[in-house]
Amino acid sequence: MKILVSVISILLGFVAGALLMLSSGANPLTGFSYLFQGGLKSVTRICNTIAYAVPLMLTGLSVTFAFKTGLFNIGAPGQMLIGGLLANVLALTAGLPRPLLLPLVIAASIVGGMVWAAVPGFLKARFNVNEVVSCIMMNWVAYWVVYIVISDHFKSTTIDTESQVIPAAASLKTEAITLLTKGSNLNLGIFIAIIATALVIFILNRTVLGYEMKAVGFNRFAAEYGGINVQKNAVLAMVISGALSGLAGLTFYCGYLSNMRIGVMPSQGFDGIAVALLANCAPVGVVFAAIFFAILQTGKGFMNAMMPIPPEIADTIIATVIYFAATSKLIEMNLDRIKKFFGRKRPSKSEGSGEHVEHH
Amino acid sequence: MKKILATVLAICIGMSMLAGCGSQQGSETPSAPADSAAQSEAPAEQPADKPALKVGMVCNAKTIDDKSFNQATWAGITRAAEDFGIETKYLIAADQSAAGFLQEIANLYDAGFRMIITPGYTFSKAIFDAQKIYPDCKFVILDSAPQDDGAEAPEIAANTAAIDYAAQESGFVAGFACALQLKEGEFGALFGQEIPPTKLFKTGFQQGVIYANENFGTNIKMKEENFVWSGSFSDAALGQQITAQLFNSGCNLVYCACGTTALGGFNEAKARAEKGEEVWVVGCDVDQYEDGLLEDGRSVTLTSTMKNLANSTYDMIKAELDGEFVGGQQIIFDAKNGGVGIPETNPNLSDEVQKEADAVLEKIKTGEIVVSAEPTDVSAYN
């Protein structure tokens, strides 16, 4: 059932995108073929697509994890920034050998994300402050913290709006992978994403903590009645969610890139929400949804270069595909009706209700 | 059970990427990709048998109509397209980083574009890499030069033309013209991030005002704290707020040089002018007279400090078509070769002021006036 929902939403997205292409006088067949060629045509392009997908996987996991506890973590961009900032600062100042430095840099990014997410988590638990509002505010605090710290202490000598480049010893990029993939941006981040996915699945399905969190997500009042500490779980869920976003910051700023830019909110943080929605909050699904999004993003430019359509239309087409892909809830709600329409007999299921985001 | 479900779901999403494509193609699936693959390889062979030039551009903003760098560069490319019938295309980078720009350059190259033009300093690292990866492609980088991260000096390959503007010279002429036009008052400025091109505009503008104060008896005040770095090129609300503060603190002219943020400054000035206040702004990079238009057809834009991006872009394309492309060095566009200055017509400047401003521009051209690129001390004009 869940699979059907994701598949239908993606198909709908492509149909809508195809209509848009037709209306701008382009052939959707060639358009979509260029789109996928752009993302997957060569080894370098495939690896670049995966490299682009890695931060999306982690922010998608981050949002998914908070969703499971009924929290909406829209603070992933801020958590990415702080995670990335701590990692960058450590990488620039520590001067340790790689075997020591790399784990430290990874740990720093986790701590940064955790701290930044703990604040909304605590405010939610202690004062019932809506986490959406506090997360968005924390995003802007992070934005300006990065701005001030970098422009005052770590400004690049060549470009004033960027930080200094981190030493190779602290980067997730390795020469072996770069050579093997013919100069792509792929780096060790992919392994971090895989490990994180496995850990999230383990926590959610195999631990008491995960059980409690899901219980809170299904119905917080029932969970509280059952003796689960809802407050503690809210903070913990945000902290773990923040750690994942912090790692996303690491893979983006110390892997995909080698420095940070000031005055930029990372879009991967927000895209993580769409990734989580498309994956229907299934951790493994997040991995593939992130790759799907990355193909759209990296393939778009090639489609655009090959087709006689302006970039604005190309952007709209991709946005339409994403928009429909993220409407999975709508399709899920109407799935029974769709089935009835096609006259199939199926016993109705009600287990999907637990996946709904808690409304405030 | 759930795990299996999740795995199946994941595979299905993977499959659906292809299905999404396949469902459009129906029974033609096997032939269509092969066909289009052939098409995509064809342009790569084009330069050999057909010398038609395809000129591409990568934007460093989310839109081409930024009323600044991207728009002006694209205007030069479209003019060249009309005159020479070349194929053109601009791409907007999904991710505005060196890696993201490089990806778009790769897209243009793979699509057969052999001349790629990039506006602005944000491209220095991307072009540094690209000029080595694609030696058979010509690159033009405006207002900057290709440079590796953390490197001491730029490194310009033979297939790259790096164009630099003497921005301080246009700042000087504008500052001088404004001072001469208004004679009394206090000037402030709204800038974006503290980057070298804006620093040049700032120091030139201040020197121009000082030149008018000392030689033409004008009385314009300047306080260093009223030359504000807003930190953003894309925040119109912030620009409006800062400009309001500047006007409130006694400035009657604000030099707005920061892309979209500047448009907020324009809006504040327009709102005040509609209410009858006598306030002015100065535009940047392109002629921004139109951006300052009021309902009655007047404009709050006194003049603009221009970089003639459209002309330099056009010149570069023409040079390439004529086989006279000069790469491997920094090409300076200044007052001498018409690369910088103020607009030819400024409806808000009186004829005498325009004449004096033209005279000053001449003096800069002949070297009689030398505009320093170093920061200016305005403490004597508080």
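**A walk through chain B**

Residues 55–372 of chain B have end C-alpha atoms 36 Å apart. This span is 42% helix and 22% strand. The model is predicted. The span itself comes from an unreviewed UniProt entry, which annotates it as "domain: ABC transporter substrate-binding protein PnrA-like".

Now take chain B as a whole. Its secondary structure comes to 11 helices and 12 strands. Chain B has 382 residues, and 53% of them count as buried. Consider next the contacts between residues at least 6 apart in sequence. Of these, 69% join residues at least 24 apart.

Chain B is divided into two parts: domain 1 covers 48–165, and domain 2 covers 167–306 + 341–381. The C-alpha centres of domain 1 of chain B and domain 2 of chain B lie 30 Å apart. The two domains touch, with 9 residues from domain 1 of chain B and 9 residues from domain 2 of chain B in the contact. Look at the domain 1 side of chain B. There, helix 3 (residues 69–84) of chain B gives the largest share, 3 residues. By type, the residues on this side of domain 1 of chain B divide into 4 nonpolar, 2 polar and 3 charged.

Helix 6 of chain B spans residues 167–182. Helix 6 of chain B has 16 residues and reaches 23 Å from its first C-alpha to its last. That is close to the 22 Å expected at 1.5 Å a residue. Is helix 6 of chain B mostly covered or mostly exposed? It is mostly covered: 16 of its 16 residues are buried. After helix 6 of chain B comes B:K183, with a positive phi near 65°.

Next, the nonpolar interior. In soluble globular proteins, nonpolar side chains tend to be buried together. The largest nonpolar core here has 227 residues. Which residues touch the most other members of this core? They are A:A290 and B:C256. The core takes its largest share, 16 residues, from helix 13 (residues 283–306) of chain A. It also draws at least three residues from each of domain 1 and domain 2 of chain B.

Finish at B:C256. Set aside its neighbours within four places in sequence. B:C256 is then in contact with B:L190, B:A262, B:G265 and B:F266, and also with B:V281, B:V282, B:G283 and B:C284.

Notes. Residues are numbered from 1 along each chain as its sequence is written. Chains are lettered from A and ligands numbered from 1 in the order in which they are written. This is a predicted model: local features need pLDDT of at least 70, side-chain atom pairs count only at pLDDT 80 or more; totals for chains, interfaces and linings use all residues. Domain bounds come from an automatic or database domain assignment. Two residues are in contact if their C-beta atoms, placed from the backbone, lie within 7 Å. Helices (H or I, at least four residues) and strands (E, at least two) are DSSP runs, numbered from the N terminus. Ala, Val, Leu, Ile, Met, Phe, Trp, Tyr, Cys and Pro count as nonpolar, Asp, Glu, Lys and Arg as charged, and the others, Gly among them, as polar. A nonpolar core is a set of buried Ala, Val, Leu, Ile, Met, Phe, Trp, Tyr and Cys residues joined through C-beta atoms within 7 Å. A residue is buried if 20 or more other C-beta atoms lie within 10 Å of its own, exposed if 12 or fewer, and partly exposed in between; C-beta atoms are placed from the backbone. UniProt positions are given in the numbering used here, feature names are shortened, and annotations may be inferred rather than shown by experiment. The expected span of a helix is 1.5 Å times one less than its number of residues.
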